[in-house]
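Reader: I am new to this structure. Could you take me through it step by step?

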Amino acid sequence: MTNPFPLLDLPTAAILHVVKSMDYGEFLNLSFLSKRAKKSIELMNLKSEELTVYIGDFVHMNMSIGTKRMEWKFYYCLKGNIIDGEDLLEESFENEEMDLENENELEEEEDEEIDYIEEDQDIKDIDEELEEFQDEQEVYELEAEEFALPDSVELLISDGVSSRAVWYMESLTMKDWIQHFMTIFHFSEIQHLDFTRNSSIFSIEEIKDSMIAINKLSVSSDTGFDVDYLLSNFHSKYLHLGLGVFETLKKPENVMIRNYDMLRIYLNRDHPSTITLDDLLFFNSKTIKVCEANWTAKSFNRFIKHWIKGSNPRMEMLNLLDFSEKEFIDTEILKGVRFMEIPADQTRWFRNQDGQLVAFEGGKDFYRQDGAKATIYNFGSYENFRCIAMCVWHPHCVVDPR
Amino acid sequence: MSVEPEVPIVQVEEVRENPVLYKIISSDNHVFTISEHAVKLSKTLWDLITNLGLTAENALDNPIPVENVNGKNMETIVQFCERHKYDEEEPEYTNYIREFVLPEWDRQLLSIDNEELFQLILATNYLDIQKLMDYCCRVIGDMAKDKTPEELRIIYGIPTDAEDDALERSASDSPGPSG
């Protein structure tokens, strides 16, 4: 047997050179072996430019470094009491496939316990199990094991050529994985945490305990969570409530008064608007986007008059998307307000909360009592729906034309 | 020197222009001759030659001592530099994994045992030969292909945290040079 190659005894520059010649799955394997090994991977100074975590009935994490895209999938053993037989079958096949690919690895790591599937369970067993479930036609509660302890983790990498790696590391918690990624991929917050379908199979407390700071939080309508409770546990700069989620809030004012950098709400078109003028006066976010707001020109005109008198002082941008009132014209919105029409060929640049520049061509300017200037801008229409933007020219939002 | 080479010997020849040759002495007193184009691949050696003011006229009379590299490694290095002396300059490799194909001649040159490879990398690092460094590190990186974490621990002799801690403790407990 040949002697090992003493990688960590090389000069730092040489170690760095070696690990750079490895594939992601390979150097990540190395990083799990010891603190010293992990340190050498940190020296690569890899920086994740994008990090999105989706929590559904499994956890999915997207990262990108340069042109390389990494997709992490954290699988959980769903307990026997699954919602229906089909789900069990899919889950079992998925896990079976991974088991087969890692048969050798499992043999070597005999002390690793993977208890969500019998290793000798074959397709026939699964078929029988499915039939049994279908015969009984019982609907079971979907329930996962602890969020903190994924059963297996899969990495898919694409950068022209795709590659895949799978880990079965029973002792590594979700928190450990995230902390590990933080040091190797040099990030301090999760850019986007998205609660999607069936995420309520996990406990909010456990998810919260595993996570770090969050920049943007998205919640879809089919999470199964009590959204008020969910939002009281997760704080972020951006909040995006998916279609119909706002309507499920028991205390929507808790969302309205929070000082988000951006709050985006998709109301349900089939329901009467649940956001009234009074509600709008409550909003404390810098950028507010409301889809399907279903307001009248008259109520928006009243909002503008309140703003002129001093309401919503923190607001920088208000976007009302998919206006349904066809007669909703700018002159009605600004009825009784002194405004100045800006020529359509005059472009002004607005710096939004992300520092991005937004072009405003024309629009109607008006002023509030403290001298702050705002512009109402009709930025287009489609399918008879109008989209209106109101921007407030705070000094930090104004871009010098030079 | 009586080292048996396992790879084809590359003759030192300067056919494209008048040959300028330099002499290098390894740590174990073996003398090697290397052409100007080849020696330029080593940043350390070329800086030394420039700083010493060696010219075509006096180069062979002033051998350059290299204390940190033994004869066996120096022979490999000279072979490598002579082989690649006319290669076009390549861009520095970044984080792009395995972005070059390791030529068969070089793979054969670097098919040596791990201890020798380790010493060769130290020598290459000292002599600052970028291309040889890329190739050596690629050979070592390739050892990780399709391996599990525990296999990597064996291949690269990675101690556990407990072993590292114990090693650190024993190093701090041992008396220093004066003790």
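Reader: What share of the contacts in chain A with a separation of 6 or more comes from residues 24 or more positions apart?

Author: Such residues account for 64% of those contacts in chain A, where contact means heavy atoms within 4.5 Å. Please note that this is a predicted model: local features need pLDDT of at least 70, side-chain atom pairs count only at pLDDT 80 or more, and totals for chains, interfaces and linings use all residues. Residues are numbered from 1 along each chain as its sequence is written, chains are lettered from A and ligands numbered from 1 in the order in which they are written, and side-chain values use heavy atoms, with hydrogens and water left out.

Reader: How many helices and strands does chain A have?

Author: Chain A has 13 helices and 15 strands. Helices (H or I, at least four residues) and strands (E, at least two) are DSSP runs, numbered from the N terminus.

Reader: And how much of chain A counts as buried?

Author: Of its 402 residues, 52% count as buried. Buried means under 20% relative accessible area, exposed means over 50%, and partly exposed lies in between (1.4 Å probe, protein chains only).

Reader: Which domain does UniProt place in chain A?

Author: An unreviewed UniProt entry places "domain: F-box" at residues 4-51 of chain A. UniProt positions are given in the numbering used here, feature names are shortened, and annotations may be inferred rather than shown by experiment. Over residues 4-51, chain A is 52% helix and 4% strand, with the end C-alpha atoms 36 Å apart.

Reader: How do helices α3 and α7 of chain A cross?

Author: The axes of α3 (residues 35-42) and α7 (residues 174-184) of chain A come within 8 Å and cross at roughly 45°. That makes α3(A) oblique to α7(A). Axes are lines fitted to C-alpha atoms, for helices over the stretch in contact, and angles run from 0 to 180 degrees between N-to-C directions. Angles under 35 degrees count as roughly parallel, over 145 as roughly antiparallel, 65 to 115 as roughly perpendicular and the rest as oblique.

Reader: Which residues meet there?

Author: A:Lys38, A:Ile41 and A:Glu42 in α3(A) meet A:His180, A:Thr183 and A:Ile184 in α7(A).

Reader: Turning to aromatic pairs, how many are there over all chains?

Author: A search of the whole structure finds 25 aromatic pairs. Rings of Phe, Tyr and Trp (its six-membered ring) pair if their centres lie within 6.5 Å; planes under 30 degrees apart count as stacked, over 60 as edge-to-face and the rest as tilted. In one of these pairs, the ring centres of A:Trp167 and A:Trp177 are 6.0 Å apart and the planes are at 70°, so the pair is edge-to-face. A:Trp167 lies in strand β5 (residues 161-167) of chain A and A:Trp177 in helix α7 of chain A, so the pair ties together parts that are 10 residues apart in sequence.

Reader: Are A:Trp167 and A:Trp177 buried or exposed?

Author: A:Trp167 is buried, and so is A:Trp177. Ring pairs also link A:Trp167 and A:Trp177 into a cluster with A:Phe32, A:Trp72, A:Phe74, A:Phe181 and A:Phe185.

Reader: What about the backbone of A:His186?

Author: A:His186 has a positive phi of about 50° although it is not a glycine. A:His186 lies in the loop between α7 and β6 of chain A, and at 31% relative accessibility it counts as partly exposed.

Reader: Finally, which residues of chain B does UniProt list for a domain?

Author: An unreviewed UniProt entry lists residues 130-166 of chain B for "domain: SKP1 component dimerisation". Over residues 130-166, chain B is 70% helix and 0% strand.
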